[in-house]
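The sequence and structure come first.

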Amino acid sequence: MTIRQAYLGTVGYLRAYGVESPEFDASQLVEAVTGVSRGRMPLDGQKDIPPAQWKKLRAMIDRRAQKYPLQYLLGEWEFFGLPFSVGEGVLIPRPDTETLVETGLKLLEGVSHPVVYDLCSGSGCIAAAVASQRPDALIYAVEVSQEAFSYLTKNTRPFPGVRPVLADIFEAAPQLPSCHLILSNPPYLSDEEMNRLQTEVTYEPEIALRAGENGLAFYRSIAKAYRPNVLPQGHIAFEVGYRQSGLAEELLRENGWRHIEKKQDLNGIERVVYASA
Ligand SMILES: C[S@@+](CC[C@H](N)C(=O)[O-])C[C@H]1O[C@@H](n2cnc3c(N)ncnc32)[C@H](O)[C@@H]1O
C-alpha cells in the first residue's frame, strides 16, 4: 500500500465515523507517522508505507474514530505560532485564548520589565506566548495539577522569564510579589455544561473545565483575593465562557476594578474581560 492510499483510506474511515474534518485529521496523522505532509503527497505519496508505520497509523485512526483528541495523538499542538507538548492530563490550547494573549500584550505596552501572573496556567501556553514577545517580563505561571505542571515546565523551559509555580490559586496570592498584570483562563464550565460536553472534550481533565454550579467560582475568587497584588496602573484580564462576560464584569466591579472592557474573539463572541486596578 502506498502512503497516498493510506491517506485516502484514513480520510474515508474517519468520515464514516463522523469525525468533523477527516481530510485535515488524516493528513496530520499520516504526516506524524510517515513524515509526508499533505503538500508532499503528490510526490512522496507514491512510496510504499512500511508495515510498522501502517500498523501505528491504524492504531491512531482507531482511537481518532472513537473521538480521542487529535492533539493528544500527535502529542504536540500549536498556539500563538509556538509548539506545545500536550497529552492526557493537560488542557489543549485553544485558538480563542490567543485573544487573551493579545489583550495582555497590549496592556503591557510601555511597561518595562513587567511582572505578570498566568493563573491556572495548564500547558503554559499563555505564559510562553507572552514571554515570546516580552523577554523582559517575569511571569509567574501558577498551576495546581501535577500532571499539567509537568507539561507546563517542559513547554516554558525555552523562556527563562517564566517561573512555573505548583500551587493552588486559592492559596497562592500572599506568596507572590506584586504584579503589573494578571492573565487567567481558569476553568469556567457550569455543572450543566459539564453534562453535555463534546466527546473529544470528555478526554480532557475535569479539573481544567469544571467551575462549580454557575462556572464563576474562579473569577470571583481571583477578582477578590488578587486585587491587593496588582500595582497601581496595573491590570487584570480574564478569558470568559460564552455568555459569561456580563457576569465577570459585575464581579470585577464589585471588587473595586475600574475601566472594565471586553474584547471579542475571531467568532465575534465576547471572550476577554479586562480592567484596571
Ligand atoms: C481552562 S484550563 C486553562 C489552561 C491554560 N491556561 C490554557 O489557556 O490552555 C484551567 C487550568 O486551571 C488549572 N486549575 C484548576 N484549579 C486550579 C487551582 N485551584 N489552582 C491552580 N490551577 C488550577 C487546571 O488544572 C487547568 O490546567
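Among contacts between residues at least 6 apart in sequence, 63% join residues at least 24 apart in this protein. The model is predicted. The protein has 13 helices and nine strands, and 52% of its 277 residues are buried.

**Overall dimensions and surface**

- The C-alpha trace of the protein spans about 65 × 40 × 35 Å along its principal axes.
- The radius of gyration is 21 Å, which agrees with the value near 19 Å that a compact globule of 277 residues would have.

**Ligand shell**

- The ligand has 20 residues around it, and those that come nearest are C120, E143, D168, I169 and N185.
- Sorted by class, the shell around the ligand holds 13 nonpolar, five polar and two charged residues.
- Two helices, α7 (125-133) and α9 (169-172), each supply at least two residues of this shell.

**Polar contacts and burial of the ligand**

- In the side chain of D168, an N or O atom is 2.8 Å from a nitrogen atom of the ligand.
- A polar backbone atom of I169 lies 2.9 Å from a nitrogen atom of the ligand.
- For S121, a polar backbone atom is 3.3 Å from a nitrogen atom of the ligand.
- The ligand taken alone exposes 600 Å², of which the protein buries 96%.

**E204 in its loop**

- E204 is located in the loop between α11 (199-202) and α12 (217-225).
- The relative accessible area of E204 is 7%, under the 20% cut-off, so this residue counts as buried.
- At 2.9 Å, the side chain of E204 reaches the backbone nitrogen of I92.
- I92 is also one of the residues in contact with E204 when neighbours within four places in sequence are left aside; the others are Y72, V90, L91, R94 and L209.

**Points to check in the viewer**

- Which backbone nitrogen does the side chain of E204 reach? The backbone nitrogen belongs to I92.

Terms used:
Residues are numbered from 1 along each chain as its sequence is written. This is a predicted model: local features need pLDDT of at least 70, side-chain atom pairs count only at pLDDT 80 or more; totals for chains, interfaces and linings use all residues. Side-chain values use heavy atoms; hydrogens and water are left out. A residue is near a molecule or strand if one of its heavy atoms lies within 4 Å of it. A polar contact is a pair of N or O atoms within 3.5 Å; within protein, one must be able to donate a hydrogen and the other to accept it, and residues adjacent in sequence count only if both atoms are side-chain atoms. Accessible areas come from the Shrake-Rupley method with a 1.4 Å probe; for residues, only the protein chains shown count as cover. Helices (H or I, at least four residues) and strands (E, at least two) are DSSP runs, numbered from the N terminus. Ala, Val, Leu, Ile, Met, Phe, Trp, Tyr, Cys and Pro count as nonpolar, Asp, Glu, Lys and Arg as charged, and the others, Gly among them, as polar. The radius of gyration is taken over C-alpha atoms; the globule rule is 2.2 Å times the number of residues to the power 0.38. Buried means under 20% relative accessible area, exposed over 50%, partly exposed in between (1.4 Å probe, protein chains only). Contact means heavy atoms within 4.5 Å.
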